[in-house]
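Please open the structure in your viewer and keep the selection tool at hand. The tour below goes from stop to stop, telling you what to select and what to look for.

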Amino acid sequence: MSDVKLAPKPLDRADERVRNDDSLTGAVRLFIDRVRAGDLGILPVAVGLVVISVVFSSLNPVFLLPNNLVNLLFDCATVGVISLGIVCVLMLGEIDLSVGSMSGFASALVGVIWVNMGLPLPVAIGAALLAGMVIGFVYATLYTRLGMPSFVATLAGLLAILGMQLYILGPTGSINLPFSSPLVAFGQLLVMPAWLSHGLALIPGLVVLFGGLNTAKRRRAAGLTAIPLSLLLIKAVVLTAALQFAVWYLNLGRGVPWMFGLFVGLVVAMQYALTRTKWGRSLFAVGGNREAARRSGINVRRIYYSAFMLCSTLAALGGVLAAGRLASSSQQAGTGDVNLNAIAAAVIGGTSLFGGRGSAWAALLGIIVIQAISNGLTLLNLSSSLRYMITGAVLAIAVIVDSLARQSRATHGRG
Amino acid sequence: MSDDNPPKGELLLQLTGVSKNFGAVSALSDIELEVHAGEVVALVGDNGAGKSTLVKVLAGVHQPSAGEVRFMGKPVTLDSPAKALDLGIATVFQDLALCENLDVVSNLFLGHELSPWRLDEVQMEVRAWTLLRELAARIPSVREPVASLSGGQRQTVAIARSLLTDPKIIMLDEPTAALGVAQTAEVLNLIDRVRARGLGVIVISHNMEDVRAVADRIVVLRLGKNGGVFTPGSSNQELVAAITGASENAVSRRASRKAAEEHHE
């Protein structure tokens, strides 16, 4: 290297064509550039949530009351967990259309094994999760060994699993779960104590701050640029303030549901797995360019197996939670709009249907949008016919935004 | 790069009677090839001569229909790209095989990430910059998706990636086709450096000048068969004759026509 300078430039700023975006204004400029190029991130969801809140609360002030929001969070958790699994398969550019049936079958299994057969609850839940794993394994086998498109395989699964659900429920068709049981309490009642929820809401800010400081220190030591302290502080403070406000507001009502806490925990774990592990990186790679991933030595088949199995297992877990929420295992469980809501949530949250893009936050944010719409429409006493139409329109808009953003990324050379 | 490279001149890779059929078409038949440590072997041949197929067989992308591949003296089955990489055969494919949705660092370390359960992004980024500097790469930022890079920049990323896994043999399929003047020279320098380290190199190129500049041996393929082995000292005419399969060909006709025209004047 021939450049003789007093202060050596950081490695990643050595090229004169690179703009220095390390200041606060630089970060803002970078964000605007990204959005213009079609890297929308969570912007559509944020805008959507504001619009939804304004519209529904003006039509019915109950919408924004603390207890309604607590209910909303209870509802989010069940379909949200299913949506989290959908994120995994969408990331590969595949789809699982049977998650609704899978959740219904899982809830039926819990009812039959626990209530009818009298086995302990953990056994019933374990059996439901196991069933999810097995079905995911079957899909992955059909896809990787027989080359059956996941669209068709899971469409067949949708019917077959629904059939199994009806079969094991038998002629009565519905099993009531005991109200005093921990599963139903978890699904309907249990909320965190206020001190705990406030404490937990501190953690993300602290992680952003100290994790960021640690990374910044290591990057500087390695001769790379690092995020400035001011930006880190602003991020951490804004995040903490927002979370503390949300928790405080929910505690005006019943409080933060444990079930929602479980969902958020799963989202965080999934986000870590997607962004910070080799498995997650491989998932992105296979979704982006399958052949390139294979030639890099990635075991592509194993990645497909893991994604399909994770998706079905999470769908089963969602079904178990839904059984607790409804205090019953019925023929209706998992039917209707569960399937589409789970897929719509992932897409609305920013997971691309074309593979290779997405995040676990997509499931969290997307399901809040979907449930907020559904909850708001219910409060307005609209019939389910109108609810279906509006939810369908929202899904269509989300996919259009995804497609347009994708075209924009292509023209701006951002993959 | 590790220091446990085999001594110079040791036989690394030996192919005997390797054939590959695609249906009724035999893309390769009865290929013999040897690569020694610290040696650059150039594979030349016309379009459709089977060069890329041979590279794909050695990279584990295609499985040979017949024949034996011996690596470091032991017969091996290259049944997947992962297997070839594990043995120490790294490949830069003609179509590069990069993931456009991932950034440069992710692409470089794809399948070989540092600390798989807690990716070490800082270390990976530093190593990426170091490697790219060694190759004199003109890449402004390693945190942009590969989709935003030019053809030459992608080529450099692909070459850098092949060097990352401590290979014993590197195969480069048309490594300089998309490169600028300075980068072509860098790649040729790089090939020299890799040879000096005691690695075996297989280069495919249509550019005879490049081939002559770096190769120790030039292996000609013609219609999927061995067409002869030459030294860089061989004349252009000999090479062209071996590539096209006759001393009477388009190139020689042109040369004789020119000669005839000059004679007339």
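This is a predicted model: local features need pLDDT of at least 70, side-chain atom pairs count only at pLDDT 80 or more; totals for chains, interfaces and linings use all residues.

Residues are numbered from 1 along each chain as its sequence is written, and chains are lettered from A and ligands numbered from 1 in the order in which they are written.

**Stop 1: two helices of chain A**

Select residues 121–144 and 150–169 of chain A, which are helices α5 and α6, and you will see them pack at an angle of about 145° with their axes 9 Å apart. Helices here (H or I, at least four residues) and strands (E, at least two) are DSSP runs, numbered from the N terminus; axes are lines fitted to C-alpha atoms, for helices over the stretch in contact, and angles run from 0 to 180 degrees between N-to-C directions. On the side of α5(A), the contact is made by A:I135, A:Y139, A:L142 and A:Y143, and on the side of α6(A) by A:S150, A:A153, A:T154, A:G157 and A:I161, where two residues are in contact if their C-beta atoms, placed from the backbone, lie within 7 Å. Sorted by class, this contact has 6 nonpolar, 3 polar and no charged residues; Ala, Val, Leu, Ile, Met, Phe, Trp, Tyr, Cys and Pro count as nonpolar, Asp, Glu, Lys and Arg as charged, and the others, Gly among them, as polar.

**Stop 2: helix α13 of chain A**

Next, select residues 300–326 of chain A, helix α13, whose 27 residues should span 39 Å at 1.5 Å a residue, and whose end C-alpha atoms are 39 Å apart, which agrees. The expected span is 1.5 Å times one less than the number of residues. How many residues of α13(A) are buried? The helix is mostly covered, with 22 of its 27 residues buried, where buried means that 20 or more other C-beta atoms, placed from the backbone, lie within 10 Å of the residue's own. Just after α13(A), select A:A327, which takes a positive phi of about 55°.

**Stop 3: where the chains touch**

Now show both chains: the contact takes 31 residues from chain B and 33 residues from chain A. On the side of chain B that touches chain A, α2 (81–87) and α4 (121–134) of chain B each supply at least two residues, and α4(B) gives the most, with 5 residues.

**Stop 4: the open sheet of chain B**

In chain B, 6 strands form an open sheet of mixed pairing, in the order β6-β7-β8-β3-β9-β10; two strands pair if DSSP finds at least two bridges between them. The edge strands are β6 (89–92) and β10 (225–230) of chain B, each pairing on one side only. Strand β9 (residues 217–222) of chain B pairs with β10(B) in the antiparallel sense over 4 bridges, and B:R222 stands opposite B:K225 in β10(B). Finally, select residues 151–163 of chain B, helix α5, which lies across β6 and β7 of chain B and runs at about 180° to β6(B).

**Stop 5: a hairpin of chain B**

Select residues 11–22 and 25–36 of chain B, the antiparallel strands β1 and β2, which are joined by 8 bridges. They form a hairpin with 2 residues between them, and B:G23 in the turn has a positive phi of about 65°. Look for B:V18, which stands opposite B:I31 in β2(B).

Methods
A residue is buried if 20 or more other C-beta atoms lie within 10 Å of its own, exposed if 12 or fewer, and partly exposed in between; C-beta atoms are placed from the backbone.
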